[in-house]
Amino acid sequence: MTLKKKRRLYILLTAMLGLGGATALVLTAFQDNLVFFYSPSDLKERPTGGRTFRLGGMVEKGSVVRGQGTPVVRFSVTDFKNTQAVVYTGLLPDLFREGQGVVAEGKLRPDGLFEAREVLAKHDEKYMPPTVTDALKRASGSASEGEHAVTTLKRN
Amino acid sequence: MFTELGHYALILALAVALVQATLPLIGAARGDGRWMALAAPAAIAQLGLIGLAFAALVHAYVVSDFSVLNVVQNSHSTKPLLYKISGVWGNHEGSMLLWVTILALFGAAVAVFGQLLPLALKARVLAVQAMIGVGFLLFILATSDPFQRLDMVPFDGNDLNPMLQDPGLAFHPPFLYLGYVGFSMAFSFAIAALIEGRVDPAWARWVRPWTLAAWAALTAGIALGSWWAYYTLGWGGWWFWDPVENASLMPWLAGTALLHSSIVVEKRDALKSWTILLAILTFSLSLVGTFLVRSGILSSVHAFAVDPARGVFILWLLSVAIGGSLLLYALRAPHLKAGGLFAPISREGALVVNNMLLASATATVLIGTLYPLFLDVLNAGKVSVGPPFFNATFVPLMIPLVVAMVVGPLLPWKRGDLPGALARLGVAAGLTAVTMIAAYWLEGGQSALALVGIGLAAWAFIGALAEWAERVGLFRLPAAQSLARARALPRAAWGMTAAHAGLGLAIAGMVGSSAWTGERILLARPGDTVSLAGYELKFESVTLVDGPNYTAKRGHFTVSRGGAALGVLEPEQRHYTVTGMDLTHAAIRTSAINDLYLALGDADPSGAWTVRLYHHPLVPWLWLGGLMMVGGGLLSLTDRRLRIGAPRLRQHAAP
């Protein structure tokens with residue numbers, strides 16, 4: 001082996017080491033760090049296995065109840081077919097409103113209540129998270145009702 | 001009238017770009033000097049025309065011309081002037097126009113400042129720039145026309161999303177685009193070099209200033225965006241591993257690798273083929289970044305529109321640009337002459353390690369960002385890849401990078417002596433250990449990772465200073481001699497020290513905010529006192545305030561520590577009347593070592609307000625470190641060797 005080849009080999013080995021290490025890290029991270037998205041209807045169909053997941057849908061009108069003397073908020077997320085009760089401690093994002101799309105990340109408690117660790121509403125008025133739009137469409141099946149709901153809400 | 005002129009100028013710019021993309025290239029292939037010479041005036045004409053179009057749109061915003069759809073959708077007559085102007089790029093169409101304006105600016109800069117470039121290289125570089133321009137101008141004219149008029153002129157506009165009405169965010173997109181588009185220069189030079197079949201140290205020296213400028217601008221853009229998120233989102237998070245943030249991080253990582261590998265090309269004439277590939281990849285990631293954000297396939301506040309026609313156009317543009325350049329690379333790169341040899345333990349070797357780690361980190365971020373899209377396309381479920389994934393993949397790759405970052409600059413080119421370099425870092429290692437012990441003593445050892453992080457921060461910061469001390473012979477030589485050496489030190493060396501030390505500071509800020517943050521969320525009434533981390537906040541009152549285009553409830557809190565008054569904090573809960581949106585406006589008290597961060601929420605019926613108080617230790621260092629990195633980039637940009645043409649030009653000018 002010439003010196004040139006030997007040195008190329010070193011570079012190649014470093015490259016393999018780096019990429020191999022990165023691949024290993026990615027694969028292990030995929031094992032347990034993916035967060036799945038569920039609509040309230042999905043929750044009926046497939047179990048979450050106690051893992052953290054994201055719940056998406058609309059904040060049901062009239063469901064928001066603020067705690068007295070504590071910053072605990074309860075509300076329901078709906079896809080107009082099924083509904084899931086949520087409890088969250090903390091300040092809700094500025095864009096959180098009844099009748100608007102929301103995505104919450106957290107876990108299902110043994111009593112069936114969804115305990116949100118984080119409530120995301122990083123979109124503006126005109127915009128609806130695609131995941132939520134999709135969840136509403138799926139819940140309404142092929143009927144145009146869901147689409148209608150989506151477009152009306154978008155217009156609001 | 002101005003609006004139509006702007007639209008017309010944009011169409012003319014497309015025609016000029018088509019000429020600039022073809023004739024100089026043919027001229028360069030045939031060796032026809034006149035055809036090649038066409039490139040420079042064409043580039044300047046493009047800047048004139050696109051600049052006119054941009055000015056026309058700015059004008060429409062400033063005078064609140066509500067016959068223009070884009071202005072109606074994103075502006076309002078009561079909006080402050082700064083946000084009328086920043087509203088120009090606070091939407092899809094306008095931001096695309098800003099993109100091509102900056103592209104034209106860079107093209108014209110090469111035409112004007114690149115007088116010492118060989119004619120053929122300059123012609124090819126400008127032709128490639130023009131090709132990018134053609135793609136984007138077509139995209140704007142066909143799918144995203146910012147000059148669309150309305151038949152029925154409304155009385156007033158819809159206002160800009162209040163979250164975007166902020167000084168930090170007003171300048172965030174222009175800096176980000178300066179960075180993204182700046183990497184197009186490295187890309188154009190790389191493509192020109194591939195066509196020419198020649199890469200040498202002179203080429204690297206021509207590319208370097210553009211890459212440096214782009215990198216510094218991108219760093220500033222990312223830092224501004226992160227700072228904005230920190231104070232507007234109401235709880236002091238500065239990075240979320242949101243796809244949109246990742247979209248800007250990927251070109252930054254690849255660009256950082258490019259910045260380092262091009263040093264090897266310049267000084268040692270090695271790693272040429274890899275550097276060319278990196279230049280192509282960095283700009284490709286910038287394109288992917290622009291489009292991931294703009295196409296609306298990712299859900300975020302940045303996603304302005306979900307329009308299938310745009311999505312398809314974008315996909316075509318990406319495949320042609322990235323596919324075409326990679327194909328050219330595959331065909332031509334094997335013909336590039338391989339350069340100098342080096343031992344594994346050497347400055348080159350260290351830079352290879354740097355590139356390897358940065359490239360791997362870029363790849364992990366890319367996988368994490370695109371994986372949800374990928375699963376979605378396969379109908380395998382909706383997932384989101386959040387901070388835990390990136391903490392488990394990105395962070396472990398950064399640790400060896402920071403460790404090596406300090407050692408690398410102490411190794412000589414070609415063949416180095418690792419034990420010798422380490423021996424010279426003894427003091428730095430000792431001080432790092434002291435810092436870690438101090439951190440353990442102050443904050444306790446609940447988080448081992450935080451201690452490792454603070455160790456890395458200290459190592460990077462002190463190591464950078466140690467390398468500088470080594471160069472000037474501090475304490476080793478007489479003071480006068482050290483001073484003379486420091487004066488003679490190239491600006492590029494100063495730049496490196498500043499940027500590396502800045503990274504150290506930034507890491508300390510990241511560790512402080514993620515591991516040692518204190519938080520209190522509670523209901524409080526005026527008259528109550530809240531305490532956190534030794535600070536006492538007395539809730540005095542809430543008053544109603546009128547802003548230009550919002551009304552606000554403003555809380556008044558007096559801050560004290562151990563009985564000594566430190567000032568007032570006035571967080572606001574704003575209501576923007578036109579859009580009907582609410583916005584939390586946090587109040588922050590910054591000191592040299594920490595931030596006190598206060599946000600005011602809603603009042604319950606009994607008159608108690610939700611109050612959120614955070615203590616963020618070391619966070620100011622995050623922005624200070626970012627600033628030092630930008631400063632380092634700019635300092636390096638003023639290095640004499642990058643201005644090598646200047647003295648010669650001056651001689652010409654002198655009589």
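**Close-up views of chain B**

**View 1. Strands S4 and S5 of chain B run antiparallel.** Strand S4 (residues 535-546) of chain B and strand S5 (residues 550-561) of chain B are joined by eleven bridges and run antiparallel. Strands pair here if DSSP finds at least two bridges between them. Strands (E, at least two residues) and helices (H or I, at least four) are DSSP runs, numbered from the N terminus. Look for Val542(B), which stands opposite Gly555(B) in S5(B). Three residues make the link in the hairpin that joins S4(B) to S5(B).

This is a predicted model: local features need pLDDT of at least 70, side-chain atom pairs count only at pLDDT 80 or more, and totals for chains, interfaces and linings use all residues. Residues are numbered from 1 along each chain as its sequence is written, while chains are lettered from A and ligands numbered from 1 in the order in which they are written.

**View 2. S5(B) also pairs with strand S7 of chain B.** S5(B) and strand S7 (residues 572-576) of chain B pair in the antiparallel sense, over five bridges. Here Ala552(B) has Arg574(B) in S7(B) as its bridge partner.

**View 3. S5(B) and strand S6 of chain B form a hairpin.** Five bridges connect S5(B) with strand S6 (residues 564-569) of chain B, and the two run antiparallel. Phe557(B) can be found opposite Leu569(B) in S6(B). Two residues lie between the strands of this hairpin, and Gly562(B) in the turn has a positive phi of about 55°.

**View 4. Helices H14 and H17 of chain B cross at roughly 20°.** The axes of H14 (residues 387-407) and H17 (residues 448-472), both of chain B, come within 8 Å. Axes are lines fitted to C-alpha atoms, for helices over the stretch in contact, and angles run from 0 to 180 degrees between N-to-C directions. The crossing makes H14(B) roughly parallel to H17(B) (an angle under 35 degrees). Ile399(B), Val402(B), Val403(B), Met405(B) and Val406(B) in H14(B) meet residues of H17(B), including Trp459(B) and Gly463(B); contact means C-beta atoms, placed from the backbone, within 7 Å.

**View 5. Trp228(B) is buried.** Trp228(B) sits in helix H9 (residues 201-232) of chain B. It has 20 other C-beta atoms within 10 Å, and a residue is buried if that count is 20 or more. Trp228(B) touches Asp166(B), Gly168(B), Leu169(B) and His172(B), not counting residues up to four places away in sequence.

Technical notes:
Angles under 35 degrees count as roughly parallel, over 145 as roughly antiparallel, 65 to 115 as roughly perpendicular and the rest as oblique. Two residues are in contact if their C-beta atoms, placed from the backbone, lie within 7 Å. A residue is buried if 20 or more other C-beta atoms lie within 10 Å of its own, exposed if 12 or fewer, and partly exposed in between; C-beta atoms are placed from the backbone.
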